[in-house]
Amino acid sequence: MDPSDFYTGIVPDVYTALRGAHFDATRYREFVREHGEPALELGCGDDGPFFALVADGLDVEGVDSSADMVARGRRRLEAEGRDARIHHQRMEQLSLNRSFASIYLAGPTFNLLPDDATAAKALAAIARHLQPNGAALLPLWTPHPTQAEQLGVVNSTIIGESTAQYTVLSEDYDEAARTRTTVLRYELNSAGVHTVEDREWIIHWYSGDDFRQLAEAAGLDVEFTRISDDQVEAVLRRAESGL
């Protein structure tokens with residue numbers, strides 16, 4: 001399955017109900033206020049900081065590769081009476097008729113790109129859309145292997161009159177390829193209908209040197225800030241030679 005098709009079918013409903021991480025808007029609000037508007041959130045989905053920044057009155061647009069998530073996000077904007085724009089595009093194929101002072105990803109969304117080649121295209125697209133003095137914020141994550149005792153464990157919750165479940169079925173952790181491939185099963189029991197969809201969740205990570213080489217090849221300078229033992233923030237700016 002193409003990574004852009006991951007959040008389709010019942011997956012967005014089950015994921016939203018059972019997701020373990022929610023990204024506070026504060027860091028991204030501060031970043032946009034520091035580096036300026038207009039701003040762009042890549043991978044905004046239907047529950048990213050994008051919606052809080054729009055509510056703040058900031059000039060921000062969103063992009064997501066999933067048609068289902070874009071539709072959900074647009075419905076949310078309409079319900080909240082907002083007129084911000086969400087574009088249906090892949091990060092590595094980004095093509096908007098606007099440049100941005102601030103570009104950011106909420107959480108380690110960049111790690112969802114499956115390999116270095118796709119990441120290189122995404123970084124080049126970010127560089128093309130940055131204003132000369134603009135900056136981009138990319139949180140990066142180095143995942144640990146899923147613990148063996150978590151395999152096969154059913155996680156469930158109630159959504160109205162429906163039951164949502166997900167289970168980690170198996171995992172391949174390839175340090176040489178810097179890729180973790182986890183097979184997940186999503187289930188939704190609703191009105192007597194049991195729907196099951198399996199997905200491969202691919203996380204691709206980078207050493208500091210790996211990412212720096214990709215960024216510099218795209219015409220970007222990078223500055224890292226260590227957040228924790230497995231997370232860093234990369235702030236990207238157009239290299240002086242690219243101005």
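**Exercise 1. Work out the layout of the open sheet in this predicted model.**

Start with the strand order. The open sheet has 7 strands, arranged β3-β2-β1-β4-β5-β11-β10, and the pairing is mixed.

Next, look for the edges. Strands β3 (86–88) and β10 (220–228) are the edge strands, since each pairs on one side only. From one strand to the next, the twist averages 20°.

Now zoom in on one pair. Strands β1 (residues 39–42) and β4 (residues 100–105) are joined in the parallel sense over 4 bridges. Here you can find leucine 40 standing opposite isoleucine 103 in β4.

**Exercise 2. Find which strands helices α2 and α6 lie against.**

Take helix α2 (residues 26–35) to begin with. Helix α2 packs on the sheet and touches β1, β4, β5 (130–141) and β11 (231–238). The direction of α2 makes about 160° with that of β4.

Then turn to helix α6 (residues 208–217). Helix α6 lies across β5, β10 and β11, and runs at about 150° to β10.

**Exercise 3. Decide whether glutamate 92 is buried or exposed, and list its contacts.**

First, locate the residue: glutamate 92 sits in the loop between β3 and β4.

Second, apply the cut-off. A residue counts as buried under 20% relative accessible area. Glutamate 92 has 18%, so it is buried.

Third, see what surrounds it. Setting aside neighbours within four places in sequence, glutamate 92 is in contact with Leu113, Thr118, Lys121, Ala122 and Ala125.

**Exercise 4. Check the length of helix α5, then describe its start and its buried residues.**

Begin with the length. Helix α5 (residues 116–129) has 14 residues. The expected span is 1.5 Å times one less than the number of residues, so α5 should span 20 Å. The end C-alpha atoms of α5 are 20 Å apart, which agrees.

Go on to the N-terminal end. Aspartate 115 caps α5 there, with a side-chain oxygen 3.3 Å from the backbone nitrogen of alanine 117.

Finish with the buried residues. They are Thr118, Ala119, Ala122, Leu123, Ala125, Ile126, Ala127 and His129. These buried residues of α5 pack against β1, β4, β5, α6, β10 and β11.

**Exercise 5. Describe how β8 and β9 are paired and connected.**

Start with direction: β8 (residues 179–190) and β9 (residues 193–204) run antiparallel, joined by 12 bridges. For one example, threonine 179 has histidine 204 in β9 as its bridge partner.

Then follow the chain through the turn. The two strands, β8 and β9, form a hairpin with 2 residues between them. Alanine 191, in the turn, has a positive phi of about 50°.

Notes:
Residues are numbered from 1 along each chain as its sequence is written. This is a predicted model: local features need pLDDT of at least 70, side-chain atom pairs count only at pLDDT 80 or more; totals for chains, interfaces and linings use all residues. Side-chain values use heavy atoms; hydrogens and water are left out. Two strands pair if DSSP finds at least two bridges between them. Axes are lines fitted to C-alpha atoms, for helices over the stretch in contact, and angles run from 0 to 180 degrees between N-to-C directions. Contact means heavy atoms within 4.5 Å. Buried means under 20% relative accessible area, exposed over 50%, partly exposed in between (1.4 Å probe, protein chains only). A polar contact is a pair of N or O atoms within 3.5 Å; within protein, one must be able to donate a hydrogen and the other to accept it, and residues adjacent in sequence count only if both atoms are side-chain atoms.
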